[in-house]
Every structure is written in structure tokens, then in C-alpha cells.
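Please look over the sequence and the structure shown below before reading on. The briefing that follows takes up the ligand, the strands, the helices and a few loop residues.

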Amino acid sequence: MDTEYKCKLRSKTIHLESPVEMYYGIDIEKCFADKLSEYTFDRLFLICDSAICDIHGLRLFEEIKGKNIPVCLHVIEPAETNKTMRGLEKLCDELIAERISKESIIVGFGGGITGNMAGLAAALIYRGIRYIEVPTTFMGMTDSSLSNKQAVNGGSGKNQLGTFNAPLFVWCDIRYAETEGIRHIKAAVTEGIKNALIYDTDEIEYFQNLELSDGSTDVFKLYEMFCHITDSKNKILKQDPTEKGYSVILEYGHTFGHAIEYLTDGMIIHGEAVASGMCIAAEICEKLGYISDEDKVLHYRLLFPHFYHNLHHFEIAPLITPGKILQQIKNDNKRSGAGVKYVLLKKIGECMNPEGDYQVALDDNLVLECIRRYYANVKTLREEGYVYFCV
Ligand SMILES: NC(=O)c1ccc[n+]([C@@H]2O[C@H](COP(=O)([O-])OP(=O)(O)OC[C@H]3O[C@@H](n4cnc5c(N)ncnc54)[C@H](O)[C@@H]3O)[C@@H](O)[C@H]2O)c1
């Protein structure tokens with residue numbers, strides 16, 4: 001297995017309006033500088049997540065510098081509370097003070113937060129300079145880098161301020177994800193489960209049999225999961241590369257998830273919040289008679305092992321009462337003049353599309369009732385030994 005996968009550089013095209021090549025493999029860091037040599041630029045600005053600077057950032061920085069490529073290292077704090085216009089403005093001001101130019105390239109090196117901030121900074125500085133995305137989290141590799149969407153949080157909600165900005169290419173060395181905690185790996189897997197529930201039903205069996213024990217982040221297992229999840233998301237993007245039509249189905253569970261993530265300042269991380277959101281959406285789909293009770297239970301069975309990861313979040317319970325979630329949803333970045341609409345399932349593998357936009361308007365009381373139903377189920381599961389939050 002080692003020789004089959006290690007140091008082998010592979011690539012696949014991400015089917016977006018501006019198609020992006022994703023290079024991936026295990027231990028491919030040493031090839032990165034060679035890839036850079038295909039481009040002409042004055043300096044490279046490596047925007048690095050502060051938490052991984054010592055374990056990965058400095059090594060990549062030295063590797064690039066060792067090839068006589070002019071490179072500056074710039075460290076940023078990977079916090080949802082820093083993924084704001086203020087955090088972005090500070091980053092842009094600092095890069096401009098460091099004499100970044102139109103001929104420079106920004107490299108975002110970190111998780112989804114770093115990728116979004118670096119990608120948006122590249123879109124804004126001097127009306128746009130080139131950008132390369134190097135995700136180091138499993139979420140970044142399998143989800144956020146397969147999108148040209150770059151955004152920061154607004155004053156009242158997640159990802160409210162942003163734009164589309166395609167990187168020159170995405171570079172995924174799966175080895176980076178090996179140093180992530182199992183909580184983050186599991187949270188990323190929930191987006192893969194989402195792809196299976198909304199479209200790629202052949203993948204459901206894979207996730208049903210997937211075992212991720214605490215502490216195990218074997219790099220070959222990660223590689224296999226990476227291939228499953230990215231292929232699945234790519235199949236959906238292929239049908240709507242603009243990310244403005246059909247691919248809104250990728251937002252399944254996200255309206256609730258973003259509200260939970262925002263209300264808790266990111267203490268409940270993206271994938272966990274989206275997993276909760278998918279279970280709430282399943283409650284709604286079942287209540288409206290779209291899916292069976294069995295299909296709703298399938299959501300909990302698939303998702304619970306991945307997001308109920310011995311979290312002790314009792315202290316944040318007051319932040320996420322059903323009423324507060326509903327209130328926060330009103331600030332969702334997909335809201336239209338008619339208000340907030342939701343991505344819902346018609347059946348496992350197919351989303352509702354009553355008005356041609358793959359979203360459904362819902363009565364607030366129904367939403368509230370289904371959030372409460374979800375909480376009741378969580379309580380039961382907690383009594384069975386899972387620990388998450390309680391209300
Ligand atoms: N643009 C999109 O389409 C899109 C899609 C999904 C998520 N997102 C955004 O991405 C963010 C979530 O991304 P994320 O889960 O990657 O979170 P993140 O960027 O917050 O990273 C999570 C944590 O992992 C640490 N980390 C990063 N790489 C590591 C490594 N190799 N080893 C150990 N620790 C490491 C970080 O320091 C951080 O503490 C959210 O802000 C979400 O809104 C955007």
C-alpha cells in the first residue's frame with residue numbers, strides 16, 4: 001500500500017464555473033515548489049494558520065525558500081471570531097504593508113477559515129491577485145476547497161460577506177490531516193454523508209461501514225475517504241458548476257448548522273453543526289411526509305457516531321435554544337425577498353424542488369416543533385451514552 005500511494009502526485013478537475021485542478025496525494029509536499037515553477041510571480045505570500053505553523057508551515061516555507069523562490073510567511077489566527085471583515089481588513093493591510101504586488105501570489109495554508117480569508121484577501125487586494133489553496137484540514141480537503149466560494153462572517157451571521165474566487169489550483173497533501181484530532185476528521189466526514197443523503201446513495205453503505213475509532217487517523221484510510229467524499233461532491237458540482245442553481249442542495253442541513261455554529265462562536269464546529277442541521281431537516285421531511293421514519297432514523301444512525309464525540313458543551317446550551325436557532329436562521333445568507341427557504345429531501349438521494357430553486361418555504365412553528373423533536377431525540381441518545389449538549 002505504501003509504495004502504491006506515497007509521494008505519487010495525482011490530480012482531478014473540480015467541476016466549477018472556473019474549473020480548478022486539484023493535485024492530491026500522500027507526502028507530496030516536495031513537489032509543491034516544482035508546481036510553483038510553472039508560474040511567473042514576484043513573491044509568494046504563505047498565509048499560514050497559526051496553530052499549524054510549527055508542525056507544517058515552517059517546513060513548507062523552508063522547502064519553498066530552499067528552491068530560491070521568494071516567499072514571505074504570514075501567520076493568522078484560525079478562529080471564527082477572526083473570520084470577519086475586521087480580521088480580513090487587518091490581513092489585507094498587513095500584506096500591503098509587506099509590499100504585496102499585483103504580480104504576487106497568495107497561498108492559503110490551513111483549514112477552511114484560513115482558506116476563506118486568504119481567498120477573499122486575494123480577491124480584494126488591488127482588485128484581485130492570484131491565489132493557491134493548500135488545505136490542511138480534512139474538511140478543507142474534502143469540502144471547502146471544492147468550491148470557489150470565499151466568505152467571512154458578518155455582524156449577524158455566517159459567511160454573509162464574500163465572493164467567488166477560483167484558485168490557480170488546489171494542493172492536497174493528505175498527510176497534513178494526520179495531525180488533526182479525530183473530532184475534526186469526524187466532523188468533515190459528515191459532509192461526505194450529506195453528499196450520500198442528497199444525491200450519491202451508492203455511498204451510504206460505505207459510510208454505514210466506516211469505522212473511525214478515537215485516535216486513529218491512519219493516512220491511507222484518510223486517502224480512501226478523501227477519494228470517496230471528493231468524487232461524490234464533484235458529481236454534484238458537475239451538474240451545476242456555477243454553484244448558483246442545483247448545487248444549492250449541498251447546503252442541506254446548513255441553514256440550521258450555520259445558525260448553531262454562529263451562536264456558539266464556532267465551539268460547535270462546522271461539520272458537527274451541519275450534522276445537527278441535517279437531523280433537524282430530516283425531522284421536518286418526516287413530519288411533512290416526504291421521507292419515512294426509517295429514513296429519518298438513517299440520518300441519526302449515520303451521523304451520530306461522527307458528531308456526538310464526547311463533547312461536554314453543557315455550558316453553551318443557553319446559546320442554542322430552539323427559539324434562538326430560529327431567530328438566527330433569519331440572518332441566513334441564502335435568504336431571499338420572500339424570506340428563508342430550506343433544502344429538504346423528497347426521498348433519500350433526491351431533494352425537493354417545488355419552485356425550481358431546490359428550496360422550500362416553511363412555517364416558523366413547524367420549524368420550531370421539529371428543532372424540539374430533534375432535541376428530544378438527542379436527550380434520549382444522551383441517556384444511551386452519547387454526550388453532546390442539553391437544553
Ligand atoms: N467555502 C466553502 O464552500 C466552505 C465549505 C465548508 C466550510 N467552510 C468554512 O470552513 C470553516 C471550517 O473549516 P475547517 O473545519 O477546516 O476549520 P478551521 O479552519 O477552523 O480549522 C480547524 C482547526 O484545525 C486546526 N488545523 C488546521 N490544520 C491542521 C492540521 N493539519 N493538524 C492539526 N490541526 C489543524 C486549525 O488550527 C483549527 O484549530 C468554516 O468557517 C466554514 O464556514 C467553507
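A residue is called buried if 20 or more other C-beta atoms lie within 10 Å of its own, exposed if 12 or fewer do, and partly exposed in between, with the C-beta atoms placed from the backbone. Helices (H or I, at least four residues) and strands (E, at least two) are DSSP runs, numbered from the N terminus. By these terms helix α11 is mostly covered, for 17 of its 18 residues are buried. The model is a predicted one, in which local features need pLDDT of at least 70 and side-chain atom pairs count only at pLDDT 80 or more, while totals for chains, interfaces and linings use all residues. Residues are numbered from 1 along each chain as its sequence is written.

**Around the ligand**

- The ligand is surrounded by 30 residues, and the closest of them are A51, G111, G112, T137 and S144; a residue is near a molecule if its C-beta atom, placed from the backbone, lies within 6 Å of it.
- Two or more residues of this shell come from each of the elements α5 (112-124) and α6 (138-144).
- By type, the shell holds 8 nonpolar, 15 polar and 7 charged residues, where Ala, Val, Leu, Ile, Met, Phe, Trp, Tyr, Cys and Pro count as nonpolar, Asp, Glu, Lys and Arg as charged, and the others, Gly among them, as polar.
- The ligand lies between domain 1 (2-179) and domain 2 (182-383), because both domains give residues to the shell around it; the domain bounds come from an automatic or database domain assignment.

**Paired strands**

- Strand β1 (residues 10-14) pairs with strand β2 (residues 20-25) in the antiparallel sense over 5 bridges, two strands being paired if DSSP finds at least two bridges between them.
- A hairpin of 5 residues joins β1 to β2, and S11 has Y23 in β2 as its bridge partner.
- Strand β2 also pairs with strand β9 (residues 169-173), here in the parallel sense and over 5 bridges, and the partner of Y24 in β9 is C172.

**Helices and their faces**

- Helix α9 (residues 219-238) has 20 residues and reaches 28 Å from its first C-alpha to its last, close to the 28 Å expected at 1.5 Å a residue, the expected span being 1.5 Å times one less than the number of residues.
- The buried residues of α9 include V219, L222, M225, F226 and I229.
- Seen down the axis of α9, its buried residues fall within an arc of 160°, so they line one face of the helix; the arc is that of the directions from the helix axis to the C-beta atoms.
- In α3 (53-66), the residues H56, G57, L60 and I64 are buried.
- These buried residues of α3 fall within an arc of 90° when seen down its axis, so they line one face of the helix.
- On the other side of α3, D54, I55, R59, E62 and G66 are exposed.

**Loop residues**

- K67 is found in the loop between α3 and β4 (71-76), and it counts as partly exposed because it has 14 C-beta neighbours inside 10 Å.
- N68 is found in the loop between α3 and β4, and N68 counts as exposed, with 8 C-beta neighbours inside 10 Å.
- Most residues other than glycine have a negative phi.
- N68, although not a glycine, has a positive phi of about 60°.
- Y126, in the loop between α5 and β6 (130-135), has a positive phi of about 50° although it is not a glycine.
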